[in-house]
Amino acid sequence: YFSLTKNQRKEARATEYQRSYKRKDIIKAIRAMSENSMENRRNKAMISLQYFCGLRISELRTVKVKSIIFDEDAENWFVYVSPKDMDVKFAKIRHAFFMPFENDIKNNILEWRKELIKHGFKDKDPFFPVIPNQFNQCNLLEARVQKNEIKTNSTIRKIFEKAFVSQGLEYLRPHSFRHTIARWAERQSPEFFNAVSQSLGHSHI
């Protein structure tokens, strides 16, 4: 019967090098994003959260308002990734802590959270809701926020693509942010890298 050698099995499991953005390019794209509409502020907060936490795309799409939590002991924010509230791979619960990155980009996330609460969003409502454009009585186009989550991952990918391509940068899928974070963490201490790996929810990044 047909069987593989040990080296052949290793070769079969090997993956291609996963390309990722440099942090400076992510920062550039986020800071260039407009804040002149609720939809734009949502999109800016979305990419900012991915930069800080490196969620899987289905997790990012299904984050809830209550998922964003402040840990007083750690003095840091995190996303409570739970299959009860989000679309989570392998149904694993984890704490996706905010990385110690730029405060102005973190504020995109926290200000968006405040805006949602101001609009009456509750714990179980989506953190990145659908915001359709509609014509009002004066025939002007305006955005109306809905308490419905974005239905497809392709919608998320299009938001990322627009933000990066508009800055003359190549589009890489949102998942690549996980590699950006892991490679940055690798240059810190081994203990820190292990903590970040747990935060990302993966043994192999």
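Colleague: Is lysine 44 buried or exposed?
Modeller: This is a predicted model: local features need pLDDT of at least 70, side-chain atom pairs count only at pLDDT 80 or more, and totals for chains, interfaces and linings use all residues. Residues are numbered from 1 along each chain as its sequence is written, and side-chain values use heavy atoms, with hydrogens and water left out. Buried means under 20% relative accessible area, exposed over 50%, and partly exposed in between (1.4 Å probe, protein chains only). The relative accessibility of lysine 44 is 6%, so this residue counts as buried.

Colleague: Which residue meets lysine 44 in a salt bridge?
Modeller: A salt bridge needs a side-chain nitrogen of Lys or Arg within 4 Å of a carboxyl oxygen of Asp or Glu. For lysine 44, the N to O distance is 2.8 Å.

Colleague: Are glutamate 59 and arginine 56 buried or exposed?
Modeller: Their side chains meet in a salt bridge, 3.5 Å from N to O. As for accessibility, glutamate 59 and arginine 56 are both buried.

Colleague: How many salt bridges does a search of the whole structure find?
Modeller: Side chains of opposite charge can pair when their charged atoms come close. Here Arg61, Lys64, Asp87 and Glu149 are linked in a network of such bridges. The search of the whole structure gives 15.

Colleague: What pattern does the protein follow along the sequence?
Modeller: Helices (H or I, at least four residues) and strands (E, at least two) are DSSP runs, numbered from the N terminus. The protein has eight helices and five strands. Their pattern along the sequence is α-α-α-α-β-β-β-α-β-β-α-α-α.

Colleague: Which residues does methionine 99 contact, leaving aside neighbours within four places in sequence?
Modeller: Methionine 99 is found in the loop between β3 (94-97) and α5. Methionine 99 is buried, at 7% relative accessible area. Contact means heavy atoms within 4.5 Å. On that basis the contacts of methionine 99 are Phe52, Ile181, Trp184, Val196 and Ser199.

Colleague: What share of contacts between residues at least 6 apart joins residues at least 24 apart?
Modeller: Phenylalanine 164 gives a view of the contacts: not counting residues up to four places away, those touched include Tyr21, Ile26, Ile47 and Phe177. For the protein, the share joining residues at least 24 apart is 60%.

Colleague: What percentage of the 205 residues is buried?
Modeller: The protein exposes about 12100 Å² (Shrake-Rupley method, 1.4 Å probe; for residues, only the protein chains shown count as cover). Carbon and sulfur atoms supply 49% of that area. Among the 205 residues, the buried share is 41%.
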